[in-house]
Amino acid sequence: MTNFLKATALSLALVGSTAFATAAQAQTLIVDVEQIYRDSTAAKSGNQQLEAKYGARIRAAQTNLDTAVKGWNDQVTAAKAVAKPNTPLPPATEKALTDARQRLQEAQAQAEELQREVQQLGQYVQLQILDKLLPIAEQIRKDRKANTVVARGSILAFDAAYDITPSAMQQLNAALTTVSITPPQQQQQPAGTTPPAQPTTKQPASR
């Protein structure tokens with residue numbers, strides 16, 4: 001009877017161990033991609049290059065936009081001071097408003113264009129980082145016998161024991177220390193040239 005109980009206990013222990021191993025293999029690992037985009041050596045390299053190339057231009061564009069906004073607001077205030085019911089504004093006031101509006105629109109367009117360009121290059125930097133991060137995350141997943149690796153931003157809560165961000169960051173920093181802010185299509189185009197004009201399709205004449 002005693003031997004039977006011991007054998008049964010041993011069997012249950014083995015079953016429990018197997019269940020635990022299966023659960024461990026089914027674990028989900030977490031990586032904070034946004035932190036890596038922000039704090040990795042490659043990310044800092046990209047930010048430094050973007051600042052060197054665009055920092056002064058962005059600040060100048062912002063100053064120009066602030067000046068244009070103030071100029072527009074000043075002209076609106078001046079127009080309100082001379083406006084009379086059912087009476088057109090004086091031509092000089094109307095012209096001043098038109099000029100201020102045009103300066104504001106041009107300043108906004110310049111600032112928005114710079115912002116779009118920097119955002120696109122920032123995405124290119126992130127793409128280079130992600131290209132190196134994916135195989136690193138996959139290797140960590142295999143080493144820890146996990147089934148998935150998910151981004152921190154896609155979940156609400158998790159056990160810190162499954163956070164592989166520090167390990168992934170360390171390996172990424174060793175594998176990728178710098179990035180480019182010049183996408184391949186820009187690298188292939190000779191300096192000082194413009195892209196060839198795209199052929200236009202002639203529209204049939206309307207009848």
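Predicted model: local features only at pLDDT ≥ 70, side-chain atom pairs only at ≥ 80, totals over all residues.
Let me begin with a definition: a residue is called buried when its relative accessible area is under 20%, exposed when it is over 50%, and partly exposed in between, using a 1.4 Å probe and protein chains only.

Residues are numbered from 1 along each chain as its sequence is written, and side-chain values use heavy atoms, with hydrogens and water left out.

On confidence, pLDDT is the predictor's own score for each residue, from 0 to 100; the mean for the protein chain is 84, and 77% of its residues reach 70 or more. Helices (H or I, at least four residues) and strands (E, at least two) are DSSP runs, numbered from the N terminus. Confidence is lowest in helix H1, residues 2-25, with a mean of 41, and highest in helix H5, residues 165-175, with 98. Contact here means heavy atoms within 4.5 Å. Over residues 1-25 pLDDT stays under 50, and the model has 4 contacts beyond four places in sequence for them; over residues 194-207 pLDDT also stays under 50, with 2 such contacts.

Turning to the fold, the protein chain has 6 helices and 2 strands, and along the sequence they follow the pattern α-β-α-α-α-β-α-α. Of its 207 residues, 23% count as buried, and among contacts with a separation of 6 or more, 84% are between residues 24 or more positions apart.

Now to the helix pairs. Two packed helices are described by the angle between their axes and by the distance between those axes. The axes are lines fitted to C-alpha atoms, for helices over the stretch in contact, and the angles run from 0 to 180 degrees between N-to-C directions.

How do H3 and H4 pack? Their axes are 8 Å apart, at an angle of about 160 degrees, which makes H3 roughly antiparallel to H4, given that angles under 35 degrees count as roughly parallel, over 145 as roughly antiparallel, 65 to 115 as roughly perpendicular and the rest as oblique. The residues of this contact divide into 24 nonpolar, 8 polar and 4 charged, where Ala, Val, Leu, Ile, Met, Phe, Trp, Tyr, Cys and Pro count as nonpolar, Asp, Glu, Lys and Arg as charged, and the others, Gly among them, as polar.

Helix H4, residues 91-143, also meets H5: their axes come within 10 Å and cross at roughly 125 degrees, and that makes H4 oblique to H5. On the H4 side are Ile-129, Lys-132, Leu-133, Ile-136 and Ile-140, and they meet Ser-167, Ala-168, Gln-171 and Leu-172 of H5. By class, this contact has 6 nonpolar, 2 polar and 1 charged residues.

Finally, some single residues. Arg-101 is in helix H4, and its C-alpha atom is separated by 9.6 Å from that of Asn-73, 28 residues apart along the chain. Arg-103, also in helix H4, counts as partly exposed at 48% relative accessibility; from Arg-103 to Val-69, 34 residues apart in sequence, the C-alpha to C-alpha distance is 8.7 Å.
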